[in-house]
Amino acid sequence: MRKIEVKNIKKTFVNGSQFTPVLKDISFDVEEGEFVSIMGPSGSGKSTLLYLLGGLDQPTSGQVLINGKDLGKLSDKALCRMRNHEIGFVFQFYNLVPNLSVADNISLPVSLRGERVKKDRLEECLELIGLADKRNLTPRELSGGQQQRVAIARALVFDPDILFLDEPIGNLDTKTGMRLMELFSRINKDYGKTIIQVTHSEEASRYGTKLIRIVDGELATFRSVNARQMTA
């Protein structure tokens with residue numbers, strides 16, 4: 001059983017003699033296949049929490065374990081390998097390479113490892129995001145929603161177990177954003193991916209199975225929710 005365990009994590013940012021506590025003694029577990037939404041006011045620490053879960057930052061104290069591995073005890077090489085094989089990231093800003101095609105942007109994480117993406121895997125990713133007919137276009141020829149779909153496929157191309165989403169629909173209009181949430185819901189249900197998203201959107205949070213609410217750096221809510229049924 002693949003699982004994320006968060007044990008008493010605290011995060012304090014230090015600037016000279018100034019100490020700013022951001023997260024305060026947070027603990028919870030995420031089971032394999034869950035879709036967890038993290039919500040909270042701006043500055044509450046929700047994005048900091050996501051970065052700690054994904055190994056992009058380290059807690060001041062406490063532990064984050066993925067599949068039994070304590071991220072704080074992994075070497076830089078082992079942590080990099082985990083980020084390149086077991087977990088994927090989708091951010092608010094698409095971060096696509098403007099002069100590369102859709103297909104090449106999707107393939108980029110694998111290409112950077114000196115490997116080639118299997119043709120069947122690339123086709124599967126293109127079909128999943130509905131852009132098989134746009135594989136040769138560049139990002140500047142796509143809408144914002146289409147660019148985010150490419151970023152999603154790029155995160156999925158190496159078949160990670162866990163997807164971390166940081167405000168993935170924050171730059172999109174409501175209709176386009178909800179279409180992407182339908183896609184994330186399908187990835188969660190049909191492919192069994194564990195998904196953890198940070199969002200300001202109550203509507204987006206309803207696609208999840210669990211809700212975490214962070215207030216002033218503390219865990220205010222951790223409960224199951226009735227996931228919205230897919231409409232497309």
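Which describes Gly 43: buried or exposed? Gly 43 is exposed, with a relative accessible area of 78%. Here, exposed means over 50%, buried under 20% and partly exposed in between, with a 1.4 Å probe and protein chains only.

The model is predicted: local features need pLDDT of at least 70, side-chain atom pairs count only at pLDDT 80 or more, and totals for chains, interfaces and linings use all residues. Residues are numbered from 1 along each chain as its sequence is written, and side-chain values use heavy atoms, with hydrogens and water left out.

**View 1. Gly 43 in its loop.** Gly 43 sits in the loop that runs between strand E3 (35–39) and helix H1 (46–53). Helices (H or I, at least four residues) and strands (E, at least two) are DSSP runs, numbered from the N terminus. Ile 214 is 171 residues from Gly 43 along the chain. Their C-alpha atoms are separated by 9.7 Å.

**View 2. The tilted pair, Phe 28 and Phe 222.** Three aromatic pairs turn up in a search of the whole structure. In this one, the ring centres of Phe 28 and Phe 222 are 5.6 Å apart and the planes stand at 40 degrees, so the pair is tilted. Rings of Phe, Tyr and Trp (its six-membered ring) pair if their centres lie within 6.5 Å; planes under 30 degrees apart count as stacked, over 60 as edge-to-face and the rest as tilted. Phe 28 belongs to strand E2 (residues 18–31) and Phe 222 to strand E10 (residues 218–224), so the pair ties together parts 194 residues apart in sequence. Phe 28 is buried, at 5% relative accessibility. Phe 222 is partly exposed, at 32%.

**View 3. The stacked pair, Phe 89 and Phe 91.** These two rings have centres 5.8 Å apart and planes at 5 degrees, so the pair is stacked. Phe 89 counts as buried, at 15% relative accessibility. Phe 91 counts as partly exposed, at 28%.

**View 4. Helix H5 against helix H6.** H5 (residues 144–156) and H6 (residues 174–191) pack at about 20 degrees, and their axes are 10 Å apart. Axes are lines fitted to C-alpha atoms, for helices over the stretch in contact; angles run from 0 to 180 degrees between N-to-C directions. H5 and H6 are therefore roughly parallel (under 35 degrees; over 145 is roughly antiparallel, 65 to 115 roughly perpendicular and the rest oblique). The crossing of H5 past H6 is right-handed (near helix turned clockwise from the far one by less than a right angle; anticlockwise is left-handed). H5 brings Gly 145, Gln 148, Arg 149, Ile 152 and Leu 156 to the contact (heavy atoms within 4.5 Å). H6 brings Thr 176, Arg 179, Leu 180, Leu 183, Phe 184 and Ile 187. By class, the contact of H5 with H6 holds six nonpolar, three polar and two charged residues. Ala, Val, Leu, Ile, Met, Phe, Trp, Tyr, Cys and Pro count as nonpolar, Asp, Glu, Lys and Arg as charged, and the others, Gly among them, as polar.

**View 5. Helix H4 against H5.** The axes of H4 (residues 119–129) and H5 come within 9 Å and cross at roughly 145 degrees. H4 passes H5 in a right-handed crossing. From H4, the contact uses Arg 121, Cys 125, Leu 128 and Ile 129. From H5, it uses Arg 149, Val 150, Ala 153 and Leu 156. The H4 contact with H5 has six nonpolar, no polar and two charged residues.

**View 6. Helix H3 against H5.** The axes of H3 and H5 are 7 Å apart, at an angle of about 35 degrees. The crossing of H3 past H5 is right-handed. Val 102, Asn 105, Ile 106 and Pro 109 of H3 meet Val 150, Ala 153 and Arg 154 of H5. The H3 contact with H5 has five nonpolar, one polar and one charged residues.

**View 7. Two loop residues with positive phi.** Most residues other than glycine have a negative phi. Asn 95 is not a glycine, yet its phi is positive, about 55 degrees. Asn 95 lies in the loop between strand E6 (87–91) and helix H3 (102–111). Asn 95 is exposed, at 53% relative accessible area. Asp 216, also not a glycine, has a positive phi of about 50 degrees. Its loop runs between strand E9 (210–215) and E10. Asp 216 is exposed, at 58%.

View 8. Asp 173 lies in the loop between strand E7 (162–166) and H6. Asp 173 is partly exposed, at 45% relative accessibility.
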